[in-house]
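Hi,

Here is the structure I promised to pass on. Have a look at it first, and my notes on what turned up follow below.

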Amino acid sequence: MNFSAIPLALQAVLLLVAANVFMTFAWYGHLKSLANSPWYTAALVSWGIALMEYLLQVPANRIGFHEAGLQVGQLKIMQEVITLAVFVPFSV
């Protein structure tokens, strides 16, 4: 796939959406998926999932800031809106 054809701001948004899916599952998915496991197992699994979030979020913020020219405040607001857009369907 030719990612250079995707506008840089959209690349940042798509990476942030994917990062939020991983983080939401890392934060709350263990409550259902690992309900019968010890807390430390849930913590280790959640940390592993959260690592994927960081592997997506860091490039998203770097692309958004350095390449797409977005300001830090814009990235933060975008992140919060995406967090709500991902979390609300997850919680339902």
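Let's start with Tyr28, which lies in helix 1. Bear in mind that this is a predicted model. Tyr28 comes out as partly exposed, since its relative accessibility is 36%.

Now the aromatics: there are 3 aromatic pairs in the structure. In one of them, Trp27 and Tyr28 have ring centres 6.1 Å apart and planes at 85 degrees, so they sit edge-to-face. Tyr28 also pairs with Phe87: here the centres are 5.4 Å apart and the planes are at 55 degrees, so this pair is tilted. Taken together, Trp27, Tyr28 and Phe87 make up one aromatic cluster.

Those residues also turn up in a nonpolar patch on the surface, alongside Phe25, Leu31, Leu84, Val88, Phe90 and Val92. The patch has about 940 Å² of accessible area in total. Helix 1 (8-33) and helix 3 (72-91) each contribute at least two of its residues.

One more spot to look at is Asn61, in helix 2 (residues 39-67). Which residues does Asn61 contact, leaving aside its neighbours within four places in sequence? They are Leu16 and Leu75. Asn61 is partly exposed, with a relative accessible area of 27%.

Cheers

Methods: Residues are numbered from 1 along each chain as its sequence is written. This is a predicted model: local features need pLDDT of at least 70, side-chain atom pairs count only at pLDDT 80 or more; totals for chains, interfaces and linings use all residues. Side-chain values use heavy atoms; hydrogens and water are left out. Helices (H or I, at least four residues) and strands (E, at least two) are DSSP runs, numbered from the N terminus. Buried means under 20% relative accessible area, exposed over 50%, partly exposed in between (1.4 Å probe, protein chains only). Contact means heavy atoms within 4.5 Å. Patches are made of residues with over 30% relative accessible area and no salt bridge: like charges are joined within 9 Å, nonpolar side chains (Val, Leu, Ile, Met, Phe, Trp, Tyr) within 5 Å. Accessible areas come from the Shrake-Rupley method with a 1.4 Å probe; for residues, only the protein chains shown count as cover. A salt bridge is a side-chain nitrogen of Lys or Arg within 4 Å of a carboxyl oxygen of Asp or Glu. Rings of Phe, Tyr and Trp (its six-membered ring) pair if their centres lie within 6.5 Å; planes under 30 degrees apart count as stacked, over 60 as edge-to-face and the rest as tilted.
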